[in-house]
Amino acid sequence: MLLELALYLTMSAPLRHRLLGHVRESVSLLARSRRCRAAWEPHKRRARAAIIAAFADLPRRRTAIVLGSGLLDDVPLRELAAAFDRVRLVDTVHPWTARLETRRYPQVDHVTADISGTRLLLGGGEDMITDADLTGICSGPDVDFVVSANLLSQLPILPIDWFEARGRPVPLHLGRRIVETHLCALARLPARVCLITDTLEREDDRAGRETDRLDLMHGAVLPIPDALWDWELAPFGEAGRDRRILHRVAAFRDWGSAFRTLTPGAPVPSS
Ligand SMILES: C[S@@+](CC[C@H](N)C(=O)[O-])C[C@H]1O[C@@H](n2cnc3c(N)ncnc32)[C@H](O)[C@@H]1O
């Protein structure tokens, strides 16, 4: 608890991100990642392998951008730094543990930005989601590779909380609109895009019975992924003595191509 408080106070982030809760979320992610290190390892390995496979055949390797780089748990930083001239890490908060790790790679830099698209919505009250921030960061002429790294399911959480905390009605389909804006913006980028996202949360009891489930895509439709796996986010004892939480993770090595196979209204192939 004391360590978490110290991390909270020492993490540097813009005031807006702190007020919205991004620093708090980042500290709790860091603490959970440490507590659940063993349980998370298979997920981290698979995510890193999916990212490496996604750029393996790229002929040009100038700039790579990682959206939601966070703790760098699921980011193959060494391989990206070896393969690309420049690696740009994007997050609302770059924990100092991650900054420390990047110090040995001079070609790696950090961008601190909120790419949920809700800047106008939470700022001026306009009911509008925009992809301007994501597009601005990712569409430079030398960007050859973009990774959305276990970020998408997180994007709606704090904007929805923002309305709920103020007792204001959450705008209609806000979660789905944020998710779809991210998916469409990624699909329009000229670079190769690797998308890794958790899509579904499941709660199991000790008998292996499913006791709850939650669609982390808020109803948005995804095409068939290149890989699917379970991430044991909270093993027994973490969120409750007799329950554990699993996230189903989908990986797309070339999101632009996968997106174009989508048939409107098709079921989400994540459950
Ligand atoms: C589940 S973590 C992803 C894990 C991360 N790839 C890693 O390896 O540690 C989600 C990340 O998304 C970031 N994030 C959440 N909302 C964001 C937003 N609106 N804009 C940019 N990053 C955001 C969080 O700060 C967090 O680092």
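Modeller: Residue classes come first: Ala, Val, Leu, Ile, Met, Phe, Trp, Tyr, Cys and Pro count as nonpolar, Asp, Glu, Lys and Arg as charged, and the others, Gly among them, as polar. By these classes, the lining of the second largest pocket divides into 9 nonpolar, 2 polar and 10 charged residues. The model is predicted, and local features need pLDDT of at least 70, side-chain atom pairs count only at pLDDT 80 or more, while totals for chains, interfaces and linings use all residues. Residues are numbered from 1 along each chain as its sequence is written, and side-chain values use heavy atoms, with hydrogens and water left out.

Now the pocket itself. A pocket is an open set of points on a 1 Å grid over the protein atoms alone, with protein on both sides within 12 Å along at least five of seven lines; lining residues have an atom within 4 Å of a point. The second largest pocket holds about 420 Å³ of space (the space filled by probe spheres set on the points, which are joined across faces, edges and corners). Its lining has 21 residues. Nearest the centre of this pocket lie R48, L71, L72, D73 and E101.

Helices supply part of this lining (DSSP runs of H or I, at least four residues, numbered from the N terminus). At least two residues each come from α3 (22-35), α4 (37-55), α5 (77-83) and α6 (96-102). The largest share, 5 residues, belongs to α4.

Helix α1 (residues 2-10) crosses α3 at roughly 140°, and their axes come within 9 Å (lines fitted to C-alpha atoms over the stretch in contact, with angles from 0 to 180 degrees between N-to-C directions). The crossing of α1 with α3 is right-handed (the near helix is turned clockwise from the far one by less than a right angle). The contact (heavy atoms within 4.5 Å) involves E4, L7 and Y8 of α1. From α3 come V23, R24, V27, L30, A31 and R35. This contact has 6 nonpolar, no polar and 3 charged residues.

The largest cavity has about 60 Å³ of space. Its lining consists of I115, S116, G117, T130, D131, D133, L134, I178, T181 and H182. By class, these are 3 nonpolar, 5 polar and 2 charged. Both α8 (132-138) and α10 supply at least two residues, and the largest share, 3 residues, comes from α10.

Finally, the packing of α10. Helix α9 (residues 157-165) packs on helix α10 (residues 174-188) at about 155°, with the axes 9 Å apart. That makes α9 roughly antiparallel to α10. Their crossing is right-handed. P159, I160 and F163 of α9 meet L174, G175 and I178 of α10. The contact has 5 nonpolar, 1 polar and no charged residues.

Note on methods: Angles under 35 degrees count as roughly parallel, over 145 as roughly antiparallel, 65 to 115 as roughly perpendicular and the rest as oblique. On a 1 Å grid over the protein atoms alone, a cavity is a set of points where a 1.4 Å probe fits but cannot get out, and a pocket is an open set with protein on both sides within 12 Å along at least five of seven lines; lining residues have an atom within 4 Å of a point.
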